Amino acid sequence: MGDMFTLAADEKNRLVLKRPGQDDVQDVRIRRVFPLTHLTRFISIRSSEGKELLLIDDLNELQADLCRLIEDVLKGTSFIPQIQRVDDVDVRFGYQQWKVQTDRGPAEFRVQEREDIRFLADGRFRIKDADGNVYEMPSLAGLDDRSRRAVEPLM
């Protein structure tokens, strides 16, 4: 699949999709599609109007430089902070107050309901705070000892 298309930045730093025998498409967008648990699978390249132009089944099948470019773009468009460490979870007054370190810096948020912490099929967790923001946390095995001790009672 990697030989079937290329991506390049234009003079305005917008992505251009190039495919043999077809017109180049300016200002394309790269998005993950469901299921979101497969981080390297099912990546959609879309026109600026949202029309899907190409679906990448697996990033690992692409050339390394193209794969890196797509991963970098996806990191820049993802709005789900990744929890790297849990400093504290205070359970009082019927809710949980979390203090965490994410890939975007420190964060503090409140979780109202136990159902707002969802277990994903690959072991990670998706956490929705009281304001509707979503955070992602690695599996318990992927956390350091202190973080694991802070969250195990909640699971």
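This is a predicted model: local features need pLDDT of at least 70, side-chain atom pairs count only at pLDDT 80 or more; totals for chains, interfaces and linings use all residues.
Three aromatic pairs are present in the structure. In one of them, the ring centres of Phe109 and Tyr135 are 4.1 Å apart and the ring planes meet at 15 degrees; planes under 30 degrees apart count as stacked, so the pair of Phe109 and Tyr135 is stacked. Phe109 belongs to strand S9 (residues 105-111) and Tyr135 to strand S12 (residues 134-137), so the contact ties together parts that are 26 residues apart in sequence. Phe109 and Tyr135 are both buried. A further pair is formed by Phe119 and Phe125, with ring centres 5.5 Å apart and planes at 65 degrees. Because an angle over 60 degrees counts as edge-to-face, the pair of Phe119 and Phe125 is assigned to that class.

Arg110 lies over the face of Tyr95, at 5.0 Å from the ring centre.

Most residues other than glycine have a negative phi. Positive values were computed for Asn13 and Phe42, neither of which is glycine. Phi of Asn13 is near 65 degrees, and Asn13 is found in the loop between strand S1 (6-9) and strand S2 (15-18). With 64% relative accessibility, Asn13 counts as exposed. Phi of Phe42 is near 60 degrees. Phe42 is placed within a strand, S5 (residues 41-46), and its relative accessibility of 22% makes it partly exposed.

Strand S5 also takes part in an open sheet of three strands, which has the order S4-S5-S6 and antiparallel pairing. Strand S4 (29-32) and strand S6 (52-58) stand at the edges of this sheet. Each edge strand has a single partner strand, so one side of each is left without a neighbour in the sheet. From one strand to the next, the twist averages 25 degrees. Strands of a sheet pair through backbone hydrogen bonds. Between the antiparallel strands S4 and S5 there are four bridges, and Arg31 stands opposite Ser44 in S5.

Terms used:
Residues are numbered from 1 along each chain as its sequence is written. Side-chain values use heavy atoms; hydrogens and water are left out. Rings of Phe, Tyr and Trp (its six-membered ring) pair if their centres lie within 6.5 Å; planes under 30 degrees apart count as stacked, over 60 as edge-to-face and the rest as tilted. Helices (H or I, at least four residues) and strands (E, at least two) are DSSP runs, numbered from the N terminus. Buried means under 20% relative accessible area, exposed over 50%, partly exposed in between (1.4 Å probe, protein chains only). A charge sits over a ring if NZ of Lys or CZ of Arg is within 6 Å of the ring centre and within 35 degrees of the ring normal. Two strands pair if DSSP finds at least two bridges between them. Axes are lines fitted to C-alpha atoms, for helices over the stretch in contact, and angles run from 0 to 180 degrees between N-to-C directions.
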